[in-house]
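The following paragraphs lead the reader from a single residue to the chain as a whole. Please keep the sequence and the model in view while reading.

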Amino acid sequence: MALLLAKGEDFASWRGVEEFAVAYREAAVKLASRRHPEGIAQLLELIEDLLADVERENRSMNDQLEQVVAGLADATEQGHTRSLLTGFYDSAYGHFNRFRSPAAFFKMSEIVLRALAESCLRLVRQEIDGNLPPLALMAMGPAGRREATRYCRIQLVLVWDGVVSEELMAQLREQLVAWFRVCGISLEETVTPLNPYWCGSLEQWQARFKAASERGGQTELIELLRLADRTILVSEEEVAGRFHHLCKLNLGQRDFIGNLVKRSQLLSNGIGMMGNLRLEKS
């Protein structure tokens with residue numbers, strides 16, 4: 001039944017399911033008419049019941065997903081947010097065990113992670129006494145590739161537009177990370193907004209890219225290449241779009257790409273330079 005949700009990227013869309021159901025019925029009728037014509041009616045009745053059960057299960061999970069997102073949007077305390085997240089993952093893994101669809105699982109995880117990020121930022125804004133600039137919060141690593149699971153460590157990068165006091169942004173970073181953790185999200189210890197290297201204004205990020213390119217330090221270039229896998233969790237006033245433009249201009253430079261190619265060549269592998277399989281390392 002994995003085919004039921006494997007088609008298309010939109011988990012909430014039933015177009016793929018309906019197409020599958022029609023094709024499934026037609027195939028069943030052809031098979032039954034060739035082998036057991038007298039049992040077509042019973043077979044079709046059984047198929048309809050099975051498909052109806054599958055449809056109910058999937059719609060139930062979709063309804064629960066909508067409830068979790070709505071609950072996160074209205075959450076006012078840490079305990080409520082954590083319980084919503086725990087309940088979601090319990091159901092999501094149950095759904096995966098039933099349908100075996102990675103696409104559906106990862107899509108649901110992405111939706112919930114975005115809702116959680118928006119909820120945490122909303123609650124932090126209520127706690128901070130000061131005017132925060134428009135900002136963007138992005139995930140990298142597995143979550144940046146939209147492959148987040150319950151157990152992977154989330155990497156976060158924070159970007160904002162404008163000049164603002166360091167004290168205010170330090171307060172935002174500390175409370176935002178704290179909210180993620182108490183909600184039950186496992187964060188990468190070094191790749192978080194608590195690390196000054198992974199937060200800053202658009203101007204600071206541009207200076208960071210420029211400095212890394214000029215110095216050509218392998219460590220710096222490797223670290224910044226993490227940004228190649230990123231997905232937007234929260235974006236205000238097109239900050240994420242402007243940051244994407246910065247990344248596109250800088251990560252595509254010769255220094256960054258050349259470093260990536262050099263690292264790939266140094267990897268131990270069984271493929272020769274002409275693409276052939278090497279059975280023995282020379």
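Arg208 belongs to helix 8, which covers residues 202-215; helices (H or I, at least four residues) and strands (E, at least two) are DSSP runs, numbered from the N terminus. The structure is a predicted model, in which local features need pLDDT of at least 70 and side-chain atom pairs count only at pLDDT 80 or more, while totals for chains, interfaces and linings use all residues. Residues are numbered from 1 along each chain as its sequence is written, and side-chain values use heavy atoms, with hydrogens and water left out.

Arg208 is buried, that is, under 20% relative accessible area with a 1.4 Å probe, protein chains only. What the side chain of Arg208 does reach is the backbone oxygen of Cys199, at 3.2 Å. Cys199 is also among the residues that Arg208 touches, together with Pro196, Tyr197, Trp198 and Leu224, leaving aside residues up to four places away in sequence; contact means heavy atoms within 4.5 Å.

The chain as a whole has eleven helices and four strands. Of its 282 residues, 39% count as buried. Among contacts with a separation of 6 or more, 70% join residues 24 or more positions apart.

Confidence is expressed as pLDDT, the predictor's score for each residue from 0 to 100. The chain averages 83, and 81% of the residues score at least 70. Over residues 1-15 the pLDDT is below 50, although this stretch has 36 contacts in the model beyond near neighbours in sequence.

Note on methods: Buried < 20%, exposed > 50% of the residue type's maximum accessible area, 1.4 Å probe, protein only. Lys, Arg positive; Asp, Glu negative; His and termini not counted. Salt bridge = Lys/Arg side-chain N within 4 Å of Asp/Glu carboxyl O. Polar contact = N/O pair within 3.5 Å; in protein donor to acceptor, adjacent residues only side chain to side chain.
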